[in-house]
Amino acid sequence: MAAEGENVTADQSGQTAHTSSDVAKEISFTLEALQLIKDAQQQHGLRHGDYHRYRGYCSRRIKRIRKSLHFPQGNRNRVTPKKITEELLIDARFLQLPLFCAERCWAYAMQLKSEANTEPRKRFHMTTKLKKAVVYSDELEVLGNSSKCDARTKLECQAYNAWIKGSLDFEVERWESAMEYFTKAKTIYEKLANAFSEELQVLYQQRVDEIAPNLRYCAYNIGDESALQDLQKMRIAAGEDQLSFKLDDLLSQTREKQAATLSEVTWRGRTVPVKVEAVRLFLLNMQDLNSELESAESLDSRVSIYESILKQCIDAQQALRDALQEDAVFKAAIRGQPIEGKISNQHYLHSYLMYIRLNTTVERNLLMVEALKQNLPENNPEEGKKITKPQDLVRLYDIIIQNLSEIPNLHGVQDSPALEAEVEASVLGYKAFRSFYIARSYASAKKWKETLALYQRALDNCKKAVAGWKQQAQTPKLKKDITSVELLQQHISGQMSSCQAYSILDSNATGEQSFSTLVSDKRPLEERLDEYIPEKSLTSKKAVLTRFPPDFEPIPCRPLFFDLALGHIEFPSLDDKLDQKKGAAGGGLTGMVKGWLWGGGKK
């Protein structure tokens, strides 16, 4: 019995051992490398390009992982590096150690790269850190290829290692090798994107989009001239994000090789040499601006291009200003002192850069105005969009007018009547738009007097602007401006009539008197029925409807008849008849009186 019991026990132990080995074979660790590092980057600095903060986070995370795994690198007195082997791989967190070590080195390298613009020696330190990142990424790939990791982890580790190696070769200008590694990483990420859900597809596709510009830049340096156009198209489609800034850097590096061909520039009939490298590079970027803007479809992409140009223009101005430190006339002009005579070529070039900066700012703000106009209440904006207020447009027009007003004061073009006339007409046009939107803000508050006055001012500015533009040479841009102002003029006329009607309706509803125009017409209503002139008296009890009493009017009189024969007739004498009548009348009367008197005395 004992033997049988021992056999049973042996069988059970054997079965148990067999089960444990099956479980060991089924252990499969997963490392979502790209998702892990992207989440860490977005939450710890790289959303704003802060590589120093992200590097500190990587260091802290490595320390926490080692502490939780009880995997120290020595003690307090001595450092004893330990290498992770396949036998030690009993937890998925061991895979995170070489990943974040590589990320820490890569973040340090990117920080040094940004600082190398002013301190070139830091590029050597950057290259050293990238080489160290490659060491850790190789270790990660070795661990990922072990039997304890699943297929996704193997692909993730291979793609990450290829991307790190490609970044190193890219910085040291080994273009063919960098292109090979980037192509490998791109291929793996594309396959991973097709194997998972839509959320993960977006993540992998973003990494593919990040690698694509590097591939085209490598191709350009190898000898593919069409790669520059591809980079420009990518920049247009990128909009305003981290990828667009990366593309700007690549395009700048590409144009540095072309900058030697631009030696002079002509502006307003004067040709000046371009000696500063930063200015030459910026002017090359300006040559491609029009084609990029025409190709851009969305407003965000166009605004992003304008922002990039303004940033480069400011840098070019600063470089040129540093080169003009010994120019006494330029120093006097900066202090605001009046200057006489012809300025130097480089000083004139500085004015040209300032002109480009002001014009680009105006065009950028006009683009923002167009974007805001789409969200006005009358245009039925999409749900979730912020409704644009007239005050928002007024602020942008104020900035546009201010920038345009600075152009005639640039040194070297102060005595240019043609430029002054052009700028003056443009300022009047934008003042018309500004007055129009100020009037709309007053109309929303039902301040009809102020609204009508502002509409009238906008109408006057429209007429002056169109008259000034028509005296200049007609260009496509100028024709477009004239058309827009003429449309505004028609719109203002309709708004004025609506404003007058609303004022009367409001006055009837509230019992208040409506406003009167600045011109007072004393004629009665019956004499101006074909004209609309709002007047207080029409809504009062003393309305002047007609003239009363009516004015005297001349009429023909009755005919007069004159007896011309009367003066030539001799009438007979009637004296004898007059005397007889006189005597008879006297005796009769006297006798009657005497008889009455005397008769009364007798009695």
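Modeller: Helix α3 passes helix α4 in a left-handed crossing; a crossing is left-handed if the near helix is turned anticlockwise from the far one by less than a right angle, and right-handed if clockwise. Helices (H or I, at least four residues) and strands (E, at least two) are DSSP runs, numbered from the N terminus. The model is predicted: local features need pLDDT of at least 70, side-chain atom pairs count only at pLDDT 80 or more, and totals for chains, interfaces and linings use all residues. Residues are numbered from 1 along each chain as its sequence is written, and side-chain values use heavy atoms, with hydrogens and water left out.

Biologist: At what angle do α3 and α4 pack, and how far apart are their axes?

Modeller: Two packed helices are described by the angle between their axes and the distance between the axes. Axes are lines fitted to C-alpha atoms, for helices over the stretch in contact, and angles run from 0 to 180 degrees between N-to-C directions. For α3 (residues 51–69) and α4 the angle is about 160° and the axes are 9 Å apart. Angles under 35 degrees count as roughly parallel, over 145 as roughly antiparallel, 65 to 115 as roughly perpendicular and the rest as oblique. The pair α3 and α4 is therefore roughly antiparallel. The residues of this contact divide into 15 nonpolar, 5 polar and 6 charged. In that division, Ala, Val, Leu, Ile, Met, Phe, Trp, Tyr, Cys and Pro count as nonpolar, Asp, Glu, Lys and Arg as charged, and the others, Gly among them, as polar.

Biologist: How do the axes of α2 and α4 cross?

Modeller: The axes of α2 (residues 33–43) and α4 (residues 93–115) come within 11 Å and cross at roughly 45°, which makes α2 oblique to α4. The crossing of α2 past α4 is right-handed. Contact means heavy atoms within 4.5 Å; here A33, L36, I37, A40 and Q41 of α2 meet Q96, L99, F100, E103 and W106 of α4. By class, the contact of α2 with α4 has 7 nonpolar, 2 polar and 1 charged residues.

Biologist: And which residues make the contact between α2 and α8?

Modeller: The axes of α2 and α8 (residues 198–222) come within 11 Å and cross at roughly 80°, so these two helices are roughly perpendicular to each other. From α2, the residues in the contact are L34, Q35, I37 and K38, and from α8 they are L200, L203, Y204, R207 and E210. This contact of α2 with α8 comprises 5 nonpolar, 1 polar and 3 charged residues.

Biologist: How many residues does the largest nonpolar core have?

Modeller: A nonpolar core is a set of buried Ala, Val, Leu, Ile, Met, Phe, Trp, Tyr and Cys residues joined through side-chain atoms within 4.5 Å. Buried means under 20% relative accessible area, exposed over 50%, partly exposed in between (1.4 Å probe, protein chains only). The largest nonpolar core has 64 residues, and V279, F282, L283 and I492 have the most contacts inside it. Among the elements giving two or more residues to this core are β1 (264–267), α11 (277–287) and α19 (476–510). Helix α17 gives the most, with 11 residues. Apart from this core lies another, of 61 residues, among them L31, L89, C101 and L168.

Biologist: Is T451 buried or exposed?

Modeller: T451, in helix α18, is buried because its relative accessible area is 0%. Beyond residues up to four places away in sequence, T451 touches A439, Y442, A443 and C499. K464, also found in α18, is exposed, with a relative accessible area of 52%.

Biologist: What is the case of E171, a charged residue, in terms of accessibility?

Modeller: E171 is found in helix α6 (residues 151–171) and counts as buried, at 13% relative accessibility. Leaving aside neighbours within four places in sequence, E171 is in contact with K113, R123, M126 and L130.
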